[in-house]
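Subject: Structure handover and notes

Dear colleague,

I am passing on the structure we spoke about, together with some notes on what came out of going through it. Please read the notes beside the structure itself, which follows here.

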Amino acid sequence: MISVDECEFRLQFSRTVAPETSKGAVMLAFMRHNRWKRAIVLTSTDSVWFESGRGLANQFEEGQIEVFKPAAFEPRKFNDLTLQQIKQSGIRIVVVAAYDDDVQVMAMQASQEGMTSTGWAWLLTDDKVTVKAMQGWIWFRPSLPSAGMDAFTQSVSEYTQSRFGIDTDADSVDLTYSVALFD
């Protein structure tokens with residue numbers, strides 16, 4: 001057995017990503033703008049997506065949106081049964097919290113079932129996902145504020161150099177991920 005005193009701990013540098021629930025207010029406003037009163041929140045069982053989906057569902061319910069939550073699916077195991085549940089619910093607004101591979105399968109199957117045509121809206125929480133057949137699919141990106149962002153990225157670069165010895169160019173800082181820190 002090794003005691004804590006004998007271990008060497010190293011600081012690991014990683015970037016911070018805003019949780020999907022940070023987009024909840026914007027998604028809720030979008031839904032209200034379109035007068036949508038019901039939505040489905042569909043997630044995989046992966047802890048990141050599952051927890052994000054639960055958080056979004058709570059935000060929607062607090063915003064007076066009725067939420068249907070079908071059983072979460074195992075990553076890489078999305079199936080037609082879930083689509084049938086969605087169809088039978090009568091709700092045509094589907095919020096998806098899942099990895100790209102699962103979204104691609106979902107999009108293909110939904111298209112084959114006629115679930116991406118007029119009257120359907122699929123809202124993606126991950127702005128990095130690209131659905132090949134985009135009809136009916138909408139994704140949300142965080143707003144990138146311009147005022148103060150340049151100074152902020154410079155400050156992050158200086159801080160990482162002074163504290164961690166990591167050289168970064170302020171222009172290389174990923175603004176999408178920096179928004180959460182900036183806010």
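I begin with S44, which sits in the loop between β1 (38–43) and α2 (47–62); please bear in mind throughout that this is a predicted model. Because its relative accessibility is 0%, and buried means under 20% relative accessible area, S44 counts as buried. The side chain of S44 reaches the backbone nitrogen of D46 at 3.3 Å. If its neighbours within four places in sequence are left aside, the residues in contact with S44 are W49, F50, A72, F73, P75, A97 and D102.

One of those contacts, F73, comes up again among the aromatic residues. The whole structure holds six aromatic pairs. In one of them, the ring centres of F30 and W36 are 5.4 Å apart and the planes stand at 80°, an angle over 60 degrees, so that this pair is edge-to-face. F30 has a relative accessible area of 26% and is therefore partly exposed. F73 and F78 also make an edge-to-face pair, with 5.1 Å from centre to centre and 80° between the planes, and both F73 and F78 are buried. Three tryptophans, W120, W122 and W137, form one aromatic cluster.

W122 leads on to strand β4, which is covered on both faces: A121 and L123 on one side, and W122 and L124 on the other, are all buried. Strand β3 (residues 93–97) pairs with β4 in the parallel sense, over four bridges, and within that pairing V95 has L123 of β4 as its bridge partner. Strand β5 (residues 137–139) also runs parallel to β4, and three bridges join β5 to β4; here the bridge partner of L123 is I138 in β5.

Turning to charged side chains, a search of the whole structure finds three salt bridges, and I take them one after another.

E51 forms a salt bridge with R54, in which the closest N and O atoms are 3.7 Å apart. Both residues of this pair belong to helix α2, where E51 and R54 are three residues apart, about one turn of the helix. E51, at 43% relative accessibility, counts as partly exposed, and R54, at 45%, is likewise counted as partly exposed.

The side chains of K69 and E61 meet in another salt bridge, with 3.4 Å from N to O. The relative accessibility of K69 is 46%, so K69 counts as partly exposed, and E61, with a relative accessible area of 34%, is partly exposed as well.

The remaining salt bridge is between the side chains of K87 and E113, at 3.2 Å from N to O. Since K87 lies in helix α3 (residues 80–89) while E113 lies in the loop between α4 (100–112) and β4 (121–124), this pair ties together parts that are 26 residues apart in sequence. K87 is partly exposed, its relative accessible area being 29%, and E113, with 30%, is partly exposed too.

The protein has six helices and five strands, and from the N terminus on its elements follow the order α-β-α-β-α-β-α-β-β-α-α. Of its 183 residues, 36% count as buried. Among contacts with a separation of 6 or more, 73% are accounted for by residues 24 or more positions apart.

Methods: Residues are numbered from 1 along each chain as its sequence is written. This is a predicted model: local features need pLDDT of at least 70, side-chain atom pairs count only at pLDDT 80 or more; totals for chains, interfaces and linings use all residues. Side-chain values use heavy atoms; hydrogens and water are left out. Helices (H or I, at least four residues) and strands (E, at least two) are DSSP runs, numbered from the N terminus. Buried means under 20% relative accessible area, exposed over 50%, partly exposed in between (1.4 Å probe, protein chains only). A polar contact is a pair of N or O atoms within 3.5 Å; within protein, one must be able to donate a hydrogen and the other to accept it, and residues adjacent in sequence count only if both atoms are side-chain atoms. Contact means heavy atoms within 4.5 Å. A salt bridge is a side-chain nitrogen of Lys or Arg within 4 Å of a carboxyl oxygen of Asp or Glu. Two strands pair if DSSP finds at least two bridges between them. Rings of Phe, Tyr and Trp (its six-membered ring) pair if their centres lie within 6.5 Å; planes under 30 degrees apart count as stacked, over 60 as edge-to-face and the rest as tilted.
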